[in-house]
There are 2 protein chains.
Amino acid sequence: MADTLQRIVLLGAGNAGSHLAKAIVSSGHELVQVFSRTIDHAKALAEKYKAGFTKDLSNLADADLYIFCIKDDALAELVSMVKLEGKKIVHTSGALPMDALSNVSQYYGVFYPLQTFTGGLDVDWKRIPICIEASDTKMLAGLKYLAAAISDSVLETSFEDRQKMHVAAVFVNNFTNYLLQNAEEIMKQTSLPFSILQPLAEETIRKAFLLGPADAQTGPAIRGDEKTIAAHEELLSSDPEIREIYRALTEAIKKSQK
Amino acid sequence: MADTLQRIVLLGAGNAGSHLAKAIVSSGHELVQVFSRTIDHAKALAEKYKAGFTKDLSNLADADLYIFCIKDDALAELVSMVKLEGKKIVHTSGALPMDALSNVSQYYGVFYPLQTFTGGLDVDWKRIPICIEASDTKMLAGLKYLAAAISDSVLETSFEDRQKMHVAAVFVNNFTNYLLQNAEEIMKQTSLPFSILQPLAEETIRKAFLLGPADAQTGPAIRGDEKTIAAHEELLSSDPEIREIYRALTEAIKKSQK
């Protein structure tokens, strides 16, 4: 039988932590305590859910699961300062191996929600893929049970697959966002608002996942429409950095067709 | 008073044309005739709306407005073969000036819907920005009236602004789609489906338009997290073209912060 991971301590009170706290409580689990080095953050989040809070690692409450929801570069330091022997612990990172936690306890794992979290912006947890991994099958079953209470999309994922997915997520999230930033810069040179591009952006995503992006591609690069490409480069001549991106992606799309 | 553009002839029966035909009829206008060089396409589209059809330019029906919904590179040739003196005509291109039509009639303009159209995939016309331009104010008013019956977002747009918007649209649509194509390639190297990235992609768009993309940016590049960047490049080493895109965009995001 799976271990029941009912009572949870959350370490980290940032954007991802806040969203996760809500998911934990909404799915019928108990948020026992919130830890943050900034006591005000711990307190603000804990009070929403009538949980305890602390900034003292020696003061962690007893729980069935400890979730380290900490930025990748801060996790190693935190991990070096805490022992939770015999306790079950997970981190929420897309990029770190699960044994990043192996010095803290013999029961460790990963609970990685594949999503970008923003303060104040509610997400639909049912649709967020949660990738899990654990040091033993019993703990894995427990994590699966917890994840399934939160999301309809639970994936047992190897470190190798999770890492690759994390790179793919950089393309989908960070790089796409950067393209939108370029588009906003271009729109600033017009009398038109950036917001008029939103329906196009939404349809782009819908279409790519429906048809597959290779079949969804249109535009001057894939058509080899050199006249339009030249006109676009001319229009971007006052913006050499954006023009560089335009060139690099246009070339890449042309190549992708061959 | 604005000219009433009630009776419409549509030249072109491709993806954009099919969607536009539907919008014309749904908004209470009359689709008089569909022209296409491929008579089967003209017929198939026309019969949906009980319109006439032809592949013969000398056979165009009488109408209040002729909409040339033709690929940019095919428009010039078509235009050289048809005269519609005294008639009102528009094209639907983001990239071409309105006077691309000036040899056909003295009344010409632009009716450019800022969206990507896919066969069989319904769009919400109310949200699609329609950019209009015309050779005289009376015709402009008529186009405005027609566009407003179709969409809640009607923009009088200069050629300069429309051109820039069209470049921005390449970033939002073609380039974003290409990033998704890279993400799909990366996911093929895992046991996980590409589709699990869809909620992240949707949230990326929502967040960028809510916060503005500069404020929405996260990830290893903007954090200057060289360790993760190096790990990602290593993971992409079997895919030099995707790695090049990764490097170019990572560098650009780093620079954008300065």
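Residues are numbered from 1 along each chain as its sequence is written, and chains are lettered from A in the order in which they are written. Because the model is predicted, local features need pLDDT of at least 70 and side-chain atom pairs count only at pLDDT 80 or more, while totals for chains, interfaces and linings use all residues; side-chain values use heavy atoms, with hydrogens and water left out.

**The interface**

On the contact count (heavy atoms within 4.5 Å), 83 residues of chain B touch 83 residues of chain A. The two chains bury about 8600 Å² between them, with 71% of it on carbon and sulfur atoms; buried area here is the accessible area (1.4 Å probe) that two parts lose on being put together, summed over both. Lys164(B), Phe171(B) and Phe209(B) supply 9% of what chain B buries against chain A, more than any other three residues.

As for polar links, there are 28 residue pairs in polar contact across the interface, both partners at pLDDT 80 or more. A polar contact is a pair of N or O atoms within 3.5 Å; within protein, one must be able to donate a hydrogen and the other to accept it, and residues adjacent in sequence count only if both atoms are side-chain atoms. On chain B's side, H5(B) gives the largest share, 25 residues (helices are DSSP runs of H or I, at least four residues, numbered from the N terminus).

Salt bridges between the chains come to two, each being a side-chain nitrogen of Lys or Arg within 4 Å of a carboxyl oxygen of Asp or Glu. One of them joins Arg127(B) to Glu202(A), with the closest N and O atoms 2.8 Å apart.

**Single residues**

Leaving aside neighbours within four places in sequence, Phe171(B) contacts Leu179(A), Asn182(A) and Ile186(A), among others, plus Thr176(B) in its own chain.

| Residue | Relative accessible area | Class |
|---|---|---|
| Ser158(A) | 31% | partly exposed |
| Thr176(A) | 1% | buried |

Thr176(A) sits in helix H5 of chain A. Ser158(A) is in the loop between strand E8 (154-156) and that helix, H5 (159-188), strands being DSSP runs of E, at least two residues. A polar atom of the Ser158(A) side chain lies 3.1 Å from the backbone nitrogen of Asp161(A).

Notes. Buried means under 20% relative accessible area, exposed over 50%, partly exposed in between (1.4 Å probe, protein chains only).
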